[in-house]
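Subject: Two-chain model, handed over

Hello,

Here is the model you asked about. Please look through it first; my notes follow below.

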Amino acid sequence: MLYRYLESSAEHRRDYITRIPHSAALGMDMVAVGPGRCVLRLPFQAQLADSHGGLASGAVSALLDNAGGVAVFCSLARATDFSTLGLRVEFITAPAAGRDVFARVECLRLEGRQAHIRGVADCGDMDQPGPPFATVSGVFFLKPHSQPLHDLETLGNV
Amino acid sequence: MSEPVVAAAEVLAALPYAAYLGLEWFADDVLRLPFRGDLVGNYRIGALHGGVVAAALECAARLLLLRQGAPAATTVDFTVDYLRPALSRAVYLRATAVRIGRAVATVRVDAWQSDPARPVAAGHGNFLLTVS
């Protein structure tokens, strides 16, 4: 599965983010991946903060959308293009003031052209999740006839 | 729906993330998100990042509430349907208040590019208005 490509090297994880201009602009960081799941971090920065001092809910939505995409990628057997069809984010609270946000998202199932994701956002640490302050669920749509954004075919069966 | 009570320019300043995205007023009830290279998600087709679309829709909803004089609005939930890829040109957004209650407001947002009849995304969300 494709997650092994990301799991095998920090450079691959960085490169995945760099290829997505907005994710690179926000400074997203792919912390960890596994089969059909991932952890992404959005470092705190004042220009993305809301009036309460934490990261803006819009920035959290962008992180969760991106993490959903990585989770789908991590459940694919071969590089396939896909895009978000629907995304729902629920905020339990706002993210803590001045803190990085972690998105921990998994792809529950990939069936036909649909991939369904679930996950949470928290202000914990790299490997110690904090209490979730937001939840996400979404559907991604696979587009087998268009060229994938992350084209790994040259790498063969990773 | 009641007339806006707060000036358009004033509410944009109250939402720094909207300013970061580059949202601006196009008409009294329409926002414009000018295209910028760092908002792209798929560079192959030059499409905006899905997160940018979600964030712009949510900002449009909160800006509407700010203009209606509800300064403490925080997002409880927000749902986005992606209808077409948002390509490398400006996005226009119009938010409509479904209901503004005492504690909760429900807002719907439509987004399009060249033709309002061909929306690129639709969003709806619930917002908490009470100060905790």
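Start with the hairpin in chain B: two residues connect β1(B) to β2(B) there. Strands here are DSSP runs of E, at least two residues long, and helices are runs of H or I of at least four; both are numbered from the N terminus.

Before the rest, some housekeeping. This is a predicted model: local features need pLDDT of at least 70, side-chain atom pairs count only at pLDDT 80 or more, and totals for chains, interfaces and linings use all residues. Residues are numbered from 1 along each chain as its sequence is written, while chains are lettered from A and ligands numbered from 1 in the order in which they are written.

**Around the hairpin**

β1(B) covers residues 24-27, and three bridges join it to β2(B) in the antiparallel sense. Pairing requires that DSSP finds at least two bridges between the strands. E24(B) has R32(B) as its bridge partner in β2(B).

β2(B) also pairs with β6(B), residues 91-100. That pairing is antiparallel too, with three bridges. L31(B) has its bridge partner, L93(B), in β6(B).

Which side chains of β2(B) point to the buried face? L31(B) and L33(B) do, and both are buried. A residue is buried if 20 or more other C-beta atoms lie within 10 Å of its own, exposed if 12 or fewer, and partly exposed in between, with C-beta atoms placed from the backbone.

**Chain B as a whole**

Chain B has three helices and eight strands. Their order along the sequence is α-α-β-β-β-β-α-β-β-β-β. The radius of gyration of chain B is 14 Å, close to the 14 Å from the globule rule for 132 residues, so the chain is as compact as a globular protein of that length. That radius is taken over C-alpha atoms, and the rule is 2.2 Å times the number of residues to the power 0.38. The C-alpha atoms fill a box of roughly 45 × 30 × 25 Å along the principal axes. Of the 132 residues, 43% are buried.

**Chain A**

Chain A has four helices and six strands. They follow the pattern α-α-α-β-β-α-β-β-β-β. The radius of gyration of chain A is 15 Å, close to the 15 Å that the globule rule gives for 158 residues, so chain A is as compact as a globular protein of that length. Its C-alpha trace spans about 45 × 30 × 25 Å along the principal axes. Buried residues account for 48% of the 158. For contacts between residues at least 6 apart in sequence, 66% join residues at least 24 apart. A contact means C-beta atoms, placed from the backbone, within 7 Å.

**Where the chains meet**

How many residues of chain B are in contact with chain A? The count is 30, against 32 residues of chain A. On the chain B side, α2 (16-21), β3 (40-42), α3 (50-67) and β5 (74-82) each supply at least two residues. β5(B) gives the largest share, nine residues. By class, this side has 16 nonpolar, nine polar and five charged residues. Nonpolar covers Ala, Val, Leu, Ile, Met, Phe, Trp, Tyr, Cys and Pro; charged covers Asp, Glu, Lys and Arg; the others, Gly among them, are polar.

G86(A) has D81(B) as its bridge partner in β5(B).

Best wishes

Key:
Two residues are in contact if their C-beta atoms, placed from the backbone, lie within 7 Å.
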